[in-house]
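Biologist: Let us go through this model together. I will ask what stands behind each term, and you answer from the coordinates.

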Amino acid sequence: MPPTDRIRDHAGQGATTVAAHRTRRRLRADQARQLADLLRHQLLTDGFPDGTLPHESALATDYRASRNTVRQALDLLRAEGLVERLPGVGTVVVAQKYPHGLDHLMGLAETLREHGRVTNEVRTMGPAPAPTPVAERLHVPPGTDVLYIERLRRLNGLPLSLDLTYIPLDLGTALLAADLENTDVFRLLEAITGQRLGHAEITLEAVNADTHSAAVLEAPRGAAVLMLERLTHLADGRPVDLEFIRFRGDRITMSGLLHRSL
């Protein structure tokens with residue numbers, strides 16, 4: 001074989017080796033992500049009651065994965081702030097996410113009542129002209145004053161969400177003297193109107209925390225937060241509460257029960 005052909009052949013074998021290595025690395029990363037998803041579910045559902053994960057070798061056996069894959073999966077969970085490696089102890093659970101249901105219309109204190117006490121720090125409250133998108137959704141003329149409320153909500157003292165709320169002023173005026181620090185707005189609205197809340201339209205998405213939100217929530221700047229946009233109606237259909245809620249993504253998990261219908 002001529003020298004130039006041998007060089008080309010050797011180069012081709014090298015390229016094949018590099019491609020195979022990249023494929024193995026990609027497959028291991030895929031497997032690590034899949035394993036992290038399974039372990040995360042167990043972490044969030046008290047699957048490790050004593051707070052300590054099994055040894056890496058046991059996890060490798062249980063999930064039919066290599067030790068390297070297990071280490072990568074644990075690294076992913078460590079980066080999320082869910083676990084930590086302690087010398088002489090192993091991998092332990094260091095953070096808890098609280099469940100927030102999406103199939104019932106409830107205030108935060110009602111939703112998390114089994115997990116502790118929710119308190120509200122009212123940072124801003126008062127009448128403000130309704131921006132056009134807010135006015136349209138609350139069915140009031142653009143520029144009409146609405147009650148604007150900004151609250152930092154804590155669970156057992158830990159910052160959990162930053163809530164921005166708009167309420168029609170004919171209802172919102174009565175809230176100015178209410179105990180917003182210890183009472184959900186939902187309960188107050190039902191007391192003021194004498195009606196039950198009926199339904200809500202929600203949108204949930206992940207957004208990056210801006211400088212203000214990150215500082216208030218004591219989260220890293222640019223960290224992902226769960227943004228829940230919710231427009232709540234009374235039982236008679238009137239829209240009465242438009243909220244933009246930023247949840248710390250490392251402290252809350254959303255869940256619901258869905259039924260298939262075509």
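Modeller: Start with the word cavity. A cavity is a set of grid points where a 1.4 Å probe fits but cannot get out. Its volume is the space filled by probe spheres set on those points. The largest cavity here has a volume of about 90 Å³. Keep in mind that this is a predicted model.

Biologist: How many cavities of 30 Å³ or more does the search find?

Modeller: The search covers the whole structure and finds 1 cavity of that size.

Biologist: What makes a residue part of the lining of the largest cavity, and which residues lie nearest its centre?

Modeller: A lining residue has an atom within 4 Å of a cavity point. For the largest cavity, 14 residues line the space. G107, L108, R153, R230 and E243 lie nearest its centre.

Biologist: Which elements supply at least two residues of that lining?

Modeller: β5, α7 (185-193) and β9 (239-248) each do. The largest share is 4 residues, and β9 gives it.

Biologist: How do the lining residues divide into nonpolar, polar and charged?

Modeller: The lining has 7 charged, 5 nonpolar and 2 polar residues. Asp, Glu, Lys and Arg count as charged.

Biologist: Why is β9 called largely enclosed?

Modeller: Buried means under 20% relative accessible area. In β9, 9 of the 10 residues are buried, so the rest of the structure largely encloses this strand.

Biologist: Take I245, in strand β9. Why does I245 count as buried?

Modeller: The cut-off for buried is under 20%. I245 has 3% relative accessibility, so I245 counts as buried. Neighbours within four places in sequence aside, its contacts are S161, L162, D163, L226, M227, L228 and R230.

Biologist: How far is I245 from H115, in sequence and in space?

Modeller: The two are 130 residues apart in sequence. Their C-alpha atoms are 19 Å apart.

Biologist: How do you know that β8 and β9 pair?

Modeller: Two strands pair if DSSP finds at least two bridges between them. β8 and β9 share 9 bridges and run antiparallel. M227 stands opposite R246 in β9, and H233 has P239 as its bridge partner. Their hairpin has 4 residues between the strands, and G237 takes a positive phi near 100 degrees there.

Biologist: Which other strand is joined to β9?

Modeller: β6 is joined to β9 by 6 bridges, also against the threshold of at least two. The sense is antiparallel. L164 is partnered by F244 in β9.

Biologist: Why is β5 called mostly covered?

Modeller: Of its 11 residues, 9 are buried. Strand β4 (residues 118-129) runs antiparallel to β5, with 11 bridges. V118 stands opposite L155 in β5. β5 and β6 are antiparallel too, over 10 bridges. Here R151 faces D163 in β6. The β5 and β6 hairpin has 2 residues between the strands, and N156 takes a positive phi near 55 degrees.

Biologist: What makes a set of residues a nonpolar core, and how many residues has the largest one?

Modeller: The members are buried nonpolar residues joined through side-chain atoms within 4.5 Å. The largest core has 19 residues. V134, L138, V146, Y166, L217 and L242 have the most contacts inside it. The elements giving two or more residues are α5 (132-138), β5 (145-155), β6 (158-168), α8 (211-217) and β8 (224-234). A second, separate core has 15 residues, including A32, L35, L39 and L82.

Biologist: Which residues does L242 touch?

Modeller: Contact needs heavy atoms within 4.5 Å. Beyond four places in sequence, L242 touches V134, R137, L138, L164, T165, Y166, R230 and L231.

Biologist: Last, T91 in strand β2 (residues 90-93). Is T91 buried or exposed?

Modeller: T91 is at 4% relative accessibility, so T91 counts as buried. Sequence neighbours within four places aside, T91 is in contact with G51, T52, L53, L74, V83, E84 and R85.

Conventions
Residues are numbered from 1 along each chain as its sequence is written. This is a predicted model: local features need pLDDT of at least 70, side-chain atom pairs count only at pLDDT 80 or more; totals for chains, interfaces and linings use all residues. Side-chain values use heavy atoms; hydrogens and water are left out. Buried means under 20% relative accessible area, exposed over 50%, partly exposed in between (1.4 Å probe, protein chains only). On a 1 Å grid over the protein atoms alone, a cavity is a set of points where a 1.4 Å probe fits but cannot get out, and a pocket is an open set with protein on both sides within 12 Å along at least five of seven lines; lining residues have an atom within 4 Å of a point.
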